[in-house]
Amino acid sequence: MDGTKGLEITGGVNQSGVRDHNERLILSMLKHRGPMPGADIARRSGLSPQTASIILRKLEKDGILRRGDPLRGKVGKPSIPMELNPEGVFAIGLKIGRRSADLTLIDFSGQVRQQIHTTYDYALPDAIFGFLKSGLAKILDNCTAKQRGRICGIGIGTPFELWKWHDLVGDAANRFKSWRDVDFAAEVSAFTDLPVFVLNDATAACHAEHLYGRGIKYRDYAYFYIGSFVGGGVVLNGTVFEGNQGNAGALGSMRTTGPLGESQQLIDTASLHLLEARLVEAGVDPTVLWHKPQDWSTLTNYVEPWIGETAQELSKATLSICSVLDFEAIIIDGAFPSDVRDELVARVKRYIVNQDVRGLIAPNVEPGSVGENARAIGAATGPIFRQFLLNTNAGLSA
């Protein structure tokens, strides 16, 4: 498949007063297609050369774009491509996980500039916001004054309805209920003026894969991210679709059937907390699952059966998803080593071959490429996406 065929972004307008839309259009094109000369940008966007030139000059003056190396080899004067300036925009992301949290600074190209990691027994509000406050101070201390001035916001990637994690009992469950009344923006405003953007953690991971990973070559696909609980995301028209209430792609809530025929959700049958429980039952320290860098080579006897069972569940879920929307691909990633991810994807492909696919077009099934850091990078992507890139699904979520 042509890697850019499905992502032709067009629809520029030349009237005055709408340049913000056109700036987002151009920035999104350069993000998806890479550096391009002004003439190509005008042609692909549908903007007049004059309008495109004015916008490019402004974005360059603002430091958001920069000039690339001249393109030589053609007759006439070499053309100068314009490209995103990695130093032009920065953002901070907080990933709140079941066993760990990450605070990450990324640049406009998606590169991680700084990252701070912490672990805990349970993600209680005081601990999380304390980590954010102290970690933010450390990150800002390590930035230049110019970089600090270009940080556009803080994205927080958190599980949906965090207070409902189903395996908590007693005091832990009661303390967790306090998440229900947490106003993230208000909590963060106590120690910074940076704007706050809250999104589902699996949706955040999908943003990271779509902007910086293998998902960039597809227009419409579904995305599985397997952490302590499996979740997902949906990409339509070349943009992550978050839904009316920010909970689109809640693939972990898909129905499945347990071994005794009981109704279950996918989170009960295809999540890492199941592997963690097996390790605990076998007397193996489960914290090895969350260590960085990841190395599960000593856990093969436990990981192999988990892969097989998870792959069967994902293959059924994949076909269920594609019966609703004709996705061209399913991308699978998670908080595990790349060799585990690749074997999981290979198994899903094999299981799909043996499924009943009448009336369906089986999608491409591919591994993600961002990996276990996808939720943290995706959380940081939230402020960048909301403020600089074009949401082609904006009308669908109104």
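This note covers a helix pair, a cavity and a pocket in a predicted model.

1. Basis. Local features need pLDDT of at least 70 and side-chain atom pairs count only at pLDDT 80 or more, while totals for chains, interfaces and linings use all residues. Residues are numbered from 1 along each chain as its sequence is written, and side-chain values use heavy atoms, with hydrogens and water left out.

2. Helix pair. The axes (lines fitted to C-alpha atoms over the stretch in contact, with angles from 0 to 180 degrees between N-to-C directions) of helix α9 (residues 272-281) and helix α10 (residues 300-322) come within 10 Å and cross at roughly 150°. α9 and α10 are therefore roughly antiparallel (over 145 degrees) to each other. Leu272, Leu274, Leu275, Arg278 and Leu279 of α9 make the contact (heavy atoms within 4.5 Å) with Tyr302, Val303, Pro305, Trp306 and Glu309 of α10. By class, this contact has eight nonpolar, no polar and two charged residues.

3. Cavity. One cavity of 30 Å³ or more is found in the whole structure; on a 1 Å grid over the protein atoms alone, a cavity is a set of points where a 1.4 Å probe fits but cannot get out. The largest cavity holds about 140 Å³ of space. It is lined by 16 residues (an atom within 4 Å of a point), with Lys95, Ser100, Trp290, Ala335 and Arg375 closest to its centre. Its lining has three nonpolar, six polar and seven charged residues.

4. Pocket. The second largest pocket (an open set of grid points with protein on both sides within 12 Å along at least five of seven lines) has a volume of about 320 Å³. Among its 18 lining residues, Thr158, Pro159, Phe160, Glu161 and Val198 lie nearest its centre. Strand β8 (residues 196-200) gives the largest share of this lining, three residues.

Definitions and conventions
Grid points are joined across faces, edges and corners, and a volume is the space filled by probe spheres set on the points. Helices (H or I, at least four residues) and strands (E, at least two) are DSSP runs, numbered from the N terminus. Angles under 35 degrees count as roughly parallel, over 145 as roughly antiparallel, 65 to 115 as roughly perpendicular and the rest as oblique. Ala, Val, Leu, Ile, Met, Phe, Trp, Tyr, Cys and Pro count as nonpolar, Asp, Glu, Lys and Arg as charged, and the others, Gly among them, as polar.
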